[in-house]
Amino acid sequence: PCSFYLKTMPKTLKLEIIDPTKYQDWDNMISEHEDATIFHTTAWAKTICESYNYKPIYFTQRNGNRLPVLIPIMEVNSILTGKRGVSLPFTDYCEPIVDASIPSQKVFDYIITYGKKKAWEYIELRGAKNFLPDVTPSTQFFSHILDLTQEEQIFSGFRNSTKRNIKKANKENVKVDFFNSPESIKEYYRLHCVTRKRQGVPPQPFYFFRKIHDHIISGNLGFVALGSYLDKNIAGAVFFHYGNKVFFKFGASDTKYQHVRANNLVMWEAIKWSCRNGYKSFCFGRTDLANNGLRQFKSGWGAQEHIINYYKYDLQKDTFVQDNQNIKRSYTKIMTKIPIPALKTIGTLLYRHMG
């Protein structure tokens, strides 16, 4: 394994740094944890590292085949945005795994000491509500999780408008198929770029989606769903699955065909697939607090709403700090005016620095 012990830390808490992309038994070890998700796996680590050349620094404590401590972090080293530790880049949330018997503050102090030694500017944790319960988050998001254990009651729990939209899509003969081919990820990406332009955000570079296919979809840890109408793909989504959880990671559509409600049927078919294959929960991903439209769409599926907390610790100031959300809002209107080829170039140039 690619690992070493940090000798400068207190003897009462010995942590080990592991690179999961080079550790053969990594996925077997995390499979012992009920809280482990696709974002804790080797597949996701390889996807991020190979796409953006980040350095994996996973703080762990091992006890046989168990991991009483697991804090996955990627070191982002950018000439534009600085050097920092992020858990994890391009991840909706990745909860730290720490046994109740281990003081979380000592674990975090350990990471702070390491970060200062490596000249990080800050540490960012994306989802650590139970790990840092008394700290004010830097920013917050919604998540929506649907319980799949009562399969016969799922459809009846949908909002009436959601049920009508599913029936509308079926009446319009929208077809939904699942794929794991390289061609399907290319077709999804076409819709993704159209959607990101509409949202005023550059699309991620295509090589990121190619790595998702290489490590997640090809590894039977995810699939692409495409909704077609009149033999044209008009909606799509990328889903991940691991353990007993399914995760909606990306969604896109062509709004010219919004009236046939293909997005609703794509989601419903993915939920039915999840039930058929024995999964217990279906996560609709992250939603900005200000995005009421997306929040209402996800709430309409009978999912339970949760808050995701992000935390940012400034290592120069030795304090937790807040994010400035106004910066993001200021550029979205500009991005909607830029042609898709130019947006792709912007995404290719910038995403590695964003983390």
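Is Asn 220 buried or exposed? Asn 220 counts as exposed, because its relative accessibility is 59%. Here buried means under 20% relative accessible area, exposed means over 50%, and partly exposed is in between, with a 1.4 Å probe and protein chains only.

Before I go on, a word on the model. It is predicted, so local features need pLDDT of at least 70 and side-chain atom pairs count only at pLDDT 80 or more, while totals for chains, interfaces and linings use all residues. Residues are numbered from 1 along each chain as its sequence is written, and side-chain values use heavy atoms, with hydrogens and water left out.

Back to the backbone. Asn 220 is not a glycine, yet it has a positive phi of about 60°. Asn 220 lies in the loop between α6 (206-217) and β10 (222-229). Leu 230 is not a glycine either, and its phi is positive, about 55°. With a relative accessible area of 68%, Leu 230 is exposed. One more backbone item: the peptide bond from Ser 87 to Leu 88 is cis, with omega near -10°. Leu 88 is in the loop between β5 (82-87) and β6 (97-98).

Next, the strands. Two strands pair if DSSP finds at least two bridges between them. Strand β13 (residues 281-288) has six of its eight residues buried, so it is largely enclosed by the rest of the structure. What does β13 pair with in the antiparallel sense? Strand β8 (residues 139-147) does so, over six bridges. In β13, Thr 287 stands opposite Phe 142. Strand β12 (residues 245-253) pairs with β13 in the parallel sense, over three bridges. There, Phe 247 faces Cys 283 of β13.

Now the rings. Rings of Phe, Tyr and Trp (its six-membered ring) pair if their centres lie within 6.5 Å; planes under 30 degrees apart are stacked, over 60 edge-to-face, and the rest tilted. By this rule there are 41 aromatic pairs. One of them joins Tyr 114 and Trp 120: the centres are 5.5 Å apart and the planes are at 70°, so the pair is edge-to-face. Both Tyr 114 and Trp 120 are buried. Tyr 313 and Phe 320 have centres 4.9 Å apart and planes at 75°, so this pair is edge-to-face. Tyr 313 is buried, at 10% relative accessible area, whereas Phe 320 is partly exposed, at 26%.

Charges can sit over rings too: NZ of Lys or CZ of Arg must be within 6 Å of the ring centre and within 35 degrees of the ring normal. The charged end of Arg 286 sits over the ring of Phe 141, 4.1 Å from its centre. Lys 312 lies over the face of Tyr 122, 4.5 Å from the ring centre.

Last, the surface. Leu 350 is in helix α10 (residues 340-354) and counts as partly exposed, at 37% relative accessibility. Together with Ile 79, Leu 80, Leu 349 and Met 354, Leu 350 forms a nonpolar patch of about 560 Å² accessible area. Accessible areas come from the Shrake-Rupley method with a 1.4 Å probe, and for residues only the protein chains shown count as cover. Patch residues have over 30% relative accessible area and no salt bridge; like charges are joined within 9 Å, and nonpolar side chains (Val, Leu, Ile, Met, Phe, Trp, Tyr) within 5 Å. A salt bridge is a side-chain nitrogen of Lys or Arg within 4 Å of a carboxyl oxygen of Asp or Glu.

Note on methods: Helix = DSSP H or I, 4+ residues; strand = E, 2+ residues; numbered from the N terminus.
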